[in-house]
Amino acid sequence: MSDAELTVTIDGPVATVVIRNPARRNAMTPAMWRRLPVLLDGLEADPTVRALVLTGAGGTFCAGADLGDLDGLVSAGDASIAVAAEERLAAFGRPTVAAIEGACVGGGCQLAVACDLRLAAADARFGVPPARLGLVYPAPTTRRLAGLVGPSAAKHLLFTGDLVDADRALRIGLVDEVLPADALADRVAALTATIAERSRLTVAAAKEIVDGRADADRIAWWHAQVRESGEAREGVAATNERRPPRFGWTPPA
């Protein structure tokens with residue numbers, strides 16, 4: 001029986017997906033790539049889930065993709081199961097946070113970049129190694145990386161395949177925060193707790209708009225949701241009364 005798996009826990013409003021493959025530094029196997037969209041579908045259907053954390057077991061985020069089926073990977077190109085999993089993660093309807101320790105390389109970096117936010121331990125290392133392997137990094141993945149760190153930093157990562165440390169990752173915008181390893185879990189918990197307390201309407205609309213997935217009609221729909229839900233009235237009342245808001249909007253079924 002393989003030890004390679006994705007596990008899920010739910011603690012209140014926060015779901016955590018853990019990448020486990022101890023024999024390969026949490027490399028993603030084909031079965032794990034296929035499993036991730038299924039898990040995300042189930043979590044997105046759960047109305048209690050307000051945020052998602054993606055992390056790795058044993059002090060390592062993910063050392064990449066298992067390259068055992070190289071011929072299949074090459075022939076699939078941008079239609080690979082890895083790209084499908086990445087796209088599903090990027091489209092997940094709740095905020096996503098990558099909590100990164102140790103190696104975050106190749107497919108691991110691909111998954112981290114598909115998350116909304118990335119918090120890293122000081123020991124984290126990042127790399128995009130296709131140039132070391134003679135592979136073409138998928139176009140959706142390349143564009144997402146460039147959109148995050150800018151063209152020059154993306155080219156540096158892609159052209160060299162070199163690892164960069166957490167401090168450089170922070171400087172180029174690859175991660176949002178760097179923390180001591182023993183403080184990472186608490187900071188991720190605090191951040192996701194804050195997000196879970198905020199208006200789901202605001203957060204969901206912001207994610208769609210920032211990601212470029214909301215056209216004019218969809219934006220008008222979001223504004224209509226504000227008017228119909230009473231969410232803004234509650235937020236203003238809570239501010240004036242100096243109490244926590246009681247936001248009640250939920251995504252339409």
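This dialogue explains how to read several features of a predicted model.

Q: Is helix H4 buried or exposed?
A: Buried means under 20% relative accessible area, exposed over 50%, and partly exposed in between (1.4 Å probe, protein chains only). Helices (H or I, at least four residues) and strands (E, at least two) are DSSP runs, numbered from the N terminus. In helix H4 (residues 107-114), 8 of the 8 residues are buried, so the helix is largely enclosed by the rest of the structure. Among them are Gly 107, Gln 110 and Leu 111.

Q: How many disulfides are there?
A: A disulfide is a covalent bond between the sulfur atoms of two cysteines. The rule applied here asks for a pair of cysteine sulfur atoms within 2.5 Å, and the count comes to 0 disulfides. Cys 62 is in no disulfide, and the nearest cysteine sulfur, that of Cys 104, is 7.4 Å away. Cys 62 counts as buried, at 0% relative accessibility.

Q: Which residues lie nearest the centre of the second largest pocket?
A: Rolling a probe the size of a water molecule over the atoms shows where empty space is left. On a 1 Å grid over the protein atoms alone, a pocket is an open set of points where a 1.4 Å probe fits, with protein on both sides within 12 Å along at least five of seven lines; lining residues have an atom within 4 Å of a point. Of the 18 lining residues, Cys 115, Asp 116, Lys 207, Val 210 and Asp 211 lie nearest the centre of the second largest pocket. The largest share of this lining, 4 residues, comes from H10.

Q: How does strand S7 run relative to S8?
A: Strands of a sheet pair through backbone hydrogen bonds, either parallel or antiparallel. Two strands pair if DSSP finds at least two bridges between them. Strand S7 (residues 125-127) and S8 run antiparallel, joined by 2 bridges. Arg 125 has Asp 165 in S8 as its bridge partner.

Technical notes. Residues numbered from 1 in each chain as written. Predicted model: local features only at pLDDT ≥ 70, side-chain atom pairs only at ≥ 80, totals over all residues. Heavy atoms only, no water.
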